[in-house]
Amino acid sequence: MTTSDPSQDTPSPSTGRFLKAIYVYEVPVRLWHWVNALAITVLAVTGYLIGSPLPSTPGEASANFLMGYIRFAHFAAGYVFAIGFLGRLYWAFAGNHHAKQLFRFPFWDGHWWAELFVEARWYLFLEREPKLYVGHNPLAQFAMFWVIGIGSVFMIVTGFALYGEGAGVDSWQDRVFGWVIPLFGQSQDVHTWHHLGMWAILLFVMVHIYAAVREDIMSRQSIVSTMVSGVRTFKDAGQPADEDAPAEPAHSRRFHAGRKGGAAKTATPHAPEPVD
Ligand code: HEM
Ligand code: HEM
């Protein structure tokens, strides 16, 4: 389908039914997503090698700087990760409604919890039909909030505390994060927790990529292409479960189809389709 004319709903070439295209993820969110994914990949590979160094390296010992390069790559990616996270946090305030989701945990919203369990059942193949979402589904939001929202802060704080040890007592890292190592006990404790944090993030990444590909195929909305183009398209004309989302600021409404608020309110009732 095309999004070149945002004011129009476009009939799906395959079904003839009407599709909506909604601009969901703005450029800073998408840019951060892919830079962050790359930074985490570098951090995980180099971090693993810091924790479990290679048993031997070829050549003259004095000509070898392998661990130095590995640590340098880790620290450089650590700075990219930390600065990117601050930028993403800023965009939660400056960006559209969906940009806030990563940092929101609607603990008191019973409806949200109910939908989270529906979504968990859908992932476990216990529901026949998925719900339609413009933003993240509640289960995805839950995982993203805890592992990436909170988890990133944890990795940055423990990472810079460890960095402060090498940078020395008067470094800014030591002045800002010097309280962390005594809080945990001693340096090795922080190493261990920082290391465990990596596995929590890597577990998320594995499930996340599986879910993104699975939902791209099985759900009722576009997934992978949405994190590339920013635009969500729908496979049927149903009513999104999060359609009461507030309207986005005018600057983010470039691809908005249909009415203010981004919901498919003019849509015909959804006819459930078998997912098996
Ligand atoms: C280190 C690797 C990755 C991490 C840590 C990660 C993390 C995240 C986070 C935090 C979000 C929410 C974005 C936001 O609201 O700001 C997200 C969304 C998304 N990610 Fe990733 N991601 C990773 C890799 C990937 C890869 C390789 C793919 C492609 C298969 C992918 C596909 C997506 C998609 C499609 C969404 C949007 C989901 C939706 O439409 O609701 N991610 N990811
Ligand atoms: C997703 C983010 C990150 C991951 C997955 C990660 C992973 C790791 C791992 C697995 C280790 C080895 C721990 C051990 O077993 O001793 C490590 C060490 C370390 N990391 Fe990270 N890290 C991340 C973010 C950061 C950040 C933001 C910084 C800040 C610059 C940082 C700085 C350090 C330092 C200083 C060490 C100790 C190096 C050494 O002792 O030689 N890390 N990291």
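Four helices each supply at least two residues of the shell around ligand 2: helix 1 (27–51), helix 2 (66–94), helix 4 (138–167) and helix 7 (187–218). Helices here are DSSP runs of H or I with at least four residues, strands are runs of E with at least two, and both are numbered from the N terminus. The model is a predicted one, so local features need pLDDT of at least 70 and side-chain atom pairs count only at pLDDT 80 or more, while totals for chains, interfaces and linings use all residues. Residues are numbered from 1 along each chain as its sequence is written, and chains are lettered from A and ligands numbered from 1 in the order in which they are written.

Staying with ligand 2, its surroundings come to 24 residues, and the closest are Gly47, Gly51, Gly78, Gly159 and Met198. A residue counts as near if its C-beta atom, placed from the backbone, lies within 6 Å of the molecule. Helix 1 gives the most to this shell, with seven residues. By class, the shell around ligand 2 holds 15 nonpolar residues, eight polar ones and one charged.

Ligand 1 has 21 residues around it, the closest being Ala37, Ile40, Ile148, Ala212 and Met227. Helix 1, helix 4, helix 7 and helix 8 (226–229) each supply at least two residues of that shell. Again helix 1 has the largest share, here six residues. The shell around ligand 1 has 14 nonpolar and seven polar residues, and no charged ones.

What about helix 1 and helix 7 themselves? They pack at an angle of about 140 degrees, with their axes 11 Å apart; axes are lines fitted to C-alpha atoms over the stretch in contact, and angles run from 0 to 180 degrees between N-to-C directions. The two helices are therefore oblique to each other, the term left for angles that are not under 35 degrees (roughly parallel), over 145 (roughly antiparallel) or 65 to 115 (roughly perpendicular). On the helix 1 side, the contact is made by Ile40, Ala44, Gly47 and Gly51, and on the helix 7 side by His195, Met198, Ile201, Leu202 and Val205, with contact meaning C-beta atoms, placed from the backbone, within 7 Å. Six of these residues are nonpolar, three are polar and none is charged.

Technical notes
Nonpolar A, V, L, I, M, F, W, Y, C, P; charged D, E, K, R; others polar. Contact = placed C-beta atoms within 7 Å.
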